[in-house]
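Here is a friendly walk through the packing of one protein chain. Please have a look at the sequence and model before reading on.

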Amino acid sequence: MSLIATAFHEVDLFWWFTDDGLSPYWALGELMHEFENGWDETTVELSDGVWSLRFNYNAETGIAPRKSDSIGGDRAYEYQIHAEGPGEKKADYVVSPRWDDQRKPDGDLMQRPWCGGEGLDVHVQGSNLTFEEYHYLLQKSIQKLADQAGVDISRQYFNRIRPDSNVATVELYVRLNREYAKKLVQSTGVFYKIMHLLAGEEGTEWVYKGDNSEIVGKRHAFDLPSVSARELIDDHRYGKRAKCYHPKHVRRSESDDDPLSSPKFGVAFHSSIHGESVSWSDRDKLLRELDETVLNTLRWAGVPTAPDQTVFVEDDHFEIRETKRSVGIFDDPTPQLKAEQENLITTVLQDLSPSARSVMKTVATDGGEVHYEEVADEAGYSVSQVYRALEEIGDLVVNDNGLVRLYSEKIKQEITGIVERIENFVADGVDAVARLASVETRSSADSAIQRWMSKYGADFKEADREGDCGTLRFDTVLATVSSLGAPDYQEVLEEGLSAWMDAGRDPAAFAQLRFEAEEILGQQRDDGFVGRTITW
């Protein structure tokens, strides 16, 4: 499968170098002494064009030298290298000395991550370069400055980045045609689907920020902590932020001559979201996760992921080409999550006692979290009755130290919409289908139909005109063949017929149903009649 290659945007790295101790630091000090003003500017020509360099020191450095250090002052200065290249490529390096028991000028102990011993910490920030390019640029910049000053600095310095160095931020992105970007940020788009379904998951914080001030989708972003990342793709472990955004100054209309008139879609790792940095030795795993999140989110939104100039827009750094990385493609989890949660609703609500229904209504309509004592007051029950009701409700609610909330925002909204008719609530779509055969829905055979409907996100719409037997609606993507990455719609219907017949129902009644899917890959129509699609 041909997949689009992502491009690097921003990074924030902390590289540690210890192979040569503090020797590279003393060498940079000698280099600085060669420049009368305490700084120097020059250029260096690399394969992509001419780069401008600036070398200076940080006068505000808060590091006290040791007594054994040959420094004529009360501070061990940090050195800064700023590099700017073609197409807004840039990199900033802050080189700091490190040793054990490091102190501030006032004598206080410094609290900084460090591997121990003597060496250098190089703080790297920049944009539009790969990890390897940042490393090469650092080495090339130092050699250019040394050559200009006539100072010999060993080319062995800054060669090996310690594997326990840290990645604090890295973003990969693509640039999209505006029409395809809408599939991410519109109210029915994949951003909303993901956040809607994960909003109430334990361990996550629901942070969705949208800005439509100048254009719909100027900047939409949501945070995906590690717990939610695993909910979407099983083997993912890193917290990240997905965002679709235009530049600060939004163009009035999209133009082939201006790449910035088209929005970016990027996924960034941030240590602030994940809770800690990622080890440099795990950088390839991290990039794989970011790639997979970008490409699978696009795919779940219905955006083609092959290199295509009608879908993607090239800029100075993003090129429409096939990726060389190994990227996993996964089924859209949103229909599955929705089906699981809807199945949870129907399973629990159909047998609730009146007191449990009253407590459920209170929790659903109160918004957010509510203390159990407030639930007791509003529902008119004792605290002990509320606790018994919560036990009866079970998995639909979470009781966290007396604060009661529904399991997810999806469940909250579903229940809020039916509280007025909850007294008559039965197993929703399953019961409606069952009425075709005038059969009660409490049997174990009918539960197989319910499981089938939940598995594929199906519900039932009763006939709205004479001669119509009703419609099965699948809130999921199906396909003509499973190799297209979605369930085969014929196999799905045959599986439903099998469950129907296991319940002792007339197969002719099932065959008379219409069906509709969110999309059927491989054919133009997304609907049809069951009896014309499968053999019964």
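## About the model

This is a predicted model, in which local features need pLDDT of at least 70, side-chain atom pairs count only at pLDDT 80 or more, and totals for chains, interfaces and linings use all residues. Residues are numbered from 1 along each chain as its sequence is written, and side-chain values use heavy atoms, with hydrogens and water left out.

## Nonpolar cores

In soluble globular proteins, nonpolar side chains tend to be buried together. A nonpolar core here is a set of buried Ala, Val, Leu, Ile, Met, Phe, Trp, Tyr and Cys residues joined through side-chain atoms within 4.5 Å. Buried means under 20% relative accessible area, exposed over 50%, and partly exposed in between (1.4 Å probe, protein chains only).

The largest such core holds 88 residues, and Trp15, Tyr93, Val170, Leu176, Leu184 and Phe265 have the most contacts inside it. Helix H2 (residues 131-149) gives the most to this core, with eight residues; helices (H or I, at least four residues) and strands (E, at least two) are DSSP runs, numbered from the N terminus. Another core lies apart from it, with 24 residues that include Phe474, Tyr489, Leu513 and Ile520.

Setting aside residues up to four places away in sequence, Trp15 touches, among others, Tyr93, Leu120, Phe131, Leu138 and Trp280. Contact means heavy atoms within 4.5 Å.

## Aromatic rings

Rings of Phe, Tyr and Trp (its six-membered ring) pair if their centres lie within 6.5 Å; planes under 30 degrees apart count as stacked, over 60 as edge-to-face and the rest as tilted. By this rule there are 22 aromatic pairs. Tyr25 and Tyr79 make a tilted one, 5.5 Å centre to centre with 45° between the planes. This pair links helix H1 (residues 23-33) with strand E4 (residues 78-84), its partners being 54 residues apart.

Tyr173 and Phe318 are also a tilted pair, at 6.1 Å centre to centre and 45° between the planes. Tyr173 belongs to strand E7 (residues 166-175) and Phe318 to the loop between helix H7 (283-300) and helix H8 (333-349), so the pair ties together parts that are 145 residues apart in sequence. Ring pairs also link Phe8, Trp15, Phe17, Phe131, Phe158 and Trp280 into a cluster.

## Helix H10

Helix H10 (residues 372-379) has Tyr372, Val375, Ala376 and Ala379 as its buried residues. Seen down the axis, these fall within an arc of 100°, so they line one face of the helix; the arc is that of the directions from the helix axis to the C-beta atoms. After H10 comes Gly380, with a positive phi near 80°.
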